[in-house]
Amino acid sequence: MTLFAEKQRLVLKIGSALLVDPDTGVLRQDWLNSLCEDIHTFHQHDYEIIVVSSGAVALARHQTNYMHQRLKLGEKQALASIGQVGIANAWQQALAQRGLMAAQVLLTPDDTEDRKRHLNARRTIDTILSLGAVPVINENDTLSTEELRFGDNDRLAARIAQMLNAKTLILFSDIDGLYSADPRTNPEAKHISIVEHITDDIMAAGGDAPSAFSSGGMRTKLQAAQIATRADCDMIITKGERFHPLSALQNGALHTRFLAQPDCGSARKRWIASTLRPEGSVSLDKGAVDALQHGASVLSAGVTHIEGHFDDGAVVALTLSNGETIGYGVIDYNDEQSRAMLGHRSTESDDQDTQQRHSVMIHRNNLALETPMKSK
Ligand SMILES: Nc1ncnc2c1ncn2[C@@H]1O[C@H](COP(=O)(O)OP(=O)(O)O)[C@@H](O)[C@H]1O
Ligand SMILES: N[C@@H](CCC(=O)OP(=O)(O)O)C(=O)O
């Protein structure tokens, strides 16, 4: 066990094209059995394994004769509900052959993006792990609408890795890592084995999902890498097609490793920083941006505009006048109260303490700024 430090929490994300043969639409049960043998071996070495498995829609395409059509939302939801039964069944059988229990968990973005629900999901999955079972997680696609869905399991897996303080997230994909460009369209593309920092150039290498069988593509994998590495979790992309893909990786199979960034603040701040769905936005003036760089809170006096409808406690984006996002924060007021506060300064009140409290819209403990924040 050399590639991963011993006894760690690993999140494995399995793409649709691995679990379901893209040509025939049939589930690759033998391959899954081989992966579950690997999972069993790792279990015996005290690793905790969490699986994020795609494949519900891909599997149901074959069952319902929708092999290559573009799906409408309602069809996607219905196919997900049909396919998910087969996916769960396949995992349950393959794990049971090795004496392991499968525990199905279906999540919507609310379960990771709302702090209370996030903590609730964490407790449940922690308990599943403590019972020795393997959580098999997917998006609850049947109940997710276009606006309220992850749409890809790459970012879902990264949010899970962050939620559970995993040390490594492995994306088993149809490609052996990140290249300088999409190798399917650019023969000159070069493999990148280690990414120390996710720069703009690295982000630019991502493209769209290549087939009807996949929904992520490289772009969502890079977004996942941002979330995971900020949560002090390494992320690896490797090809999963071969049998025993986890042992193959352990034995040196080609991959890209994105290195964990250990200094990104508390778990709460990292959760805020990686929000996938801010409920509104707060535009700041230059004075406020300067103050934030020196560790201040967001005061109503420095806010020029509020967008969106949200409750107090929502995560909102912090933006410049040109709309550029410079971070996120948990706001203390709902959108109506926030709008009413714009331009109010603490010195307008006799009771400075009360007014000061009222004028703090987002406390510095609830702020996560881009690191390093570009100087504006
Ligand atoms: N820079 C890149 N490096 C590697 N693959 C890329 C890149 N840009 C786009 N891709 C495409 O992303 C695909 C992987 O995404 P996807 O098929 O959605 O995987 P999965 O089903 O595992 O989620 C690759 O097959 C490749 O065609
Ligand atoms: N949740 C969807 C899969 C979404 C997804 O990310 O697919 P993929 O890009 O193949 O990993 C399903 O189970 O069909």
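The protein is divided into domain 1 (9-269) and domain 2 (278-369), with bounds that come from an automatic or database domain assignment. The C-alpha centres of domain 1 and domain 2 lie 36 Å apart. The model is predicted, and local features need pLDDT of at least 70, side-chain atom pairs count only at pLDDT 80 or more, and totals for chains, interfaces and linings use all residues. Residues are numbered from 1 along each chain as its sequence is written, chains are lettered from A and ligands numbered from 1 in the order in which they are written, and side-chain values use heavy atoms, with hydrogens and water left out.

An open sheet of 8 strands shows mixed pairing in the order β3-β4-β2-β1-β5-β9-β10-β8. Here strands (E, at least two residues) and helices (H or I, at least four) are DSSP runs numbered from the N terminus, and two strands pair if DSSP finds at least two bridges between them. At the edges of this sheet stand β3 (102-107) and β8 (194-195), each of which pairs on one side only. Strand β5 (residues 168-173) runs parallel to strand β9 (residues 234-239), the two being paired over 6 bridges. Ser 173 has Lys 239 of β9 as its bridge partner. Helix α2 packs on the sheet and touches β1 (9-14), β2 (48-53) and β4 (134-139), where contact means heavy atoms within 4.5 Å. The direction of α2 makes about 175° with that of β1; axes are lines fitted to C-alpha atoms, for helices over the stretch in contact, and angles run from 0 to 180 degrees between N-to-C directions.

Helix α2 (residues 29-44) also packs against helix α4 (residues 73-96), at an angle of about 50° and with the axes 9 Å apart. The two helices α2 and α4 are therefore oblique to each other, given that angles under 35 degrees count as roughly parallel, over 145 as roughly antiparallel, 65 to 115 as roughly perpendicular and the rest as oblique. In this contact, Gln 29, Leu 32, Asn 33, Leu 35, Cys 36 and Ile 39 of α2 meet Ala 90, Trp 91, Ala 94 and Leu 95 of α4. The residues of the contact of α2 with α4 comprise 8 nonpolar, 2 polar and no charged; Ala, Val, Leu, Ile, Met, Phe, Trp, Tyr, Cys and Pro count as nonpolar, Asp, Glu, Lys and Arg as charged, and the others, Gly among them, as polar.

Helix α4 has a further partner in helix α3 (residues 56-64), the axes of α3 and α4 being 7 Å apart at an angle of about 100°. Helices α3 and α4 are therefore roughly perpendicular to each other. Among the α3 residues in this contact are Ala 56, Val 57 and Leu 59, and the α4 residues include Leu 79, Ile 82 and Ile 87. By class, the contact of α3 with α4 divides into 8 nonpolar, 5 polar and 2 charged residues.

Helix α7 (residues 153-163) and helix α9 (residues 217-230) pack with their axes 8 Å apart, at an angle of about 10°. Helices α7 and α9 are therefore roughly parallel to each other. The contact of α7 with α9 has 4 nonpolar, 4 polar and 4 charged residues.

A second open sheet, of 5 strands, is ordered β13-β11-β14-β15-β17 with mixed pairing. Its edges are β13 (303-307) and β17 (367-369), each with a single partner strand, so one side of each is left without a neighbour in the sheet. Neighbouring strands of this sheet are turned by 25° against each other on average, direction ignored. Strand β14 (residues 315-319) pairs with strand β15 (residues 325-330) in the antiparallel sense over 5 bridges, and Gly 327 in β15 is the bridge partner of Leu 318. Helix α12 (residues 286-293) lies across β11 (280-284), β14, β15 and β17, and runs at about 100° to β11.
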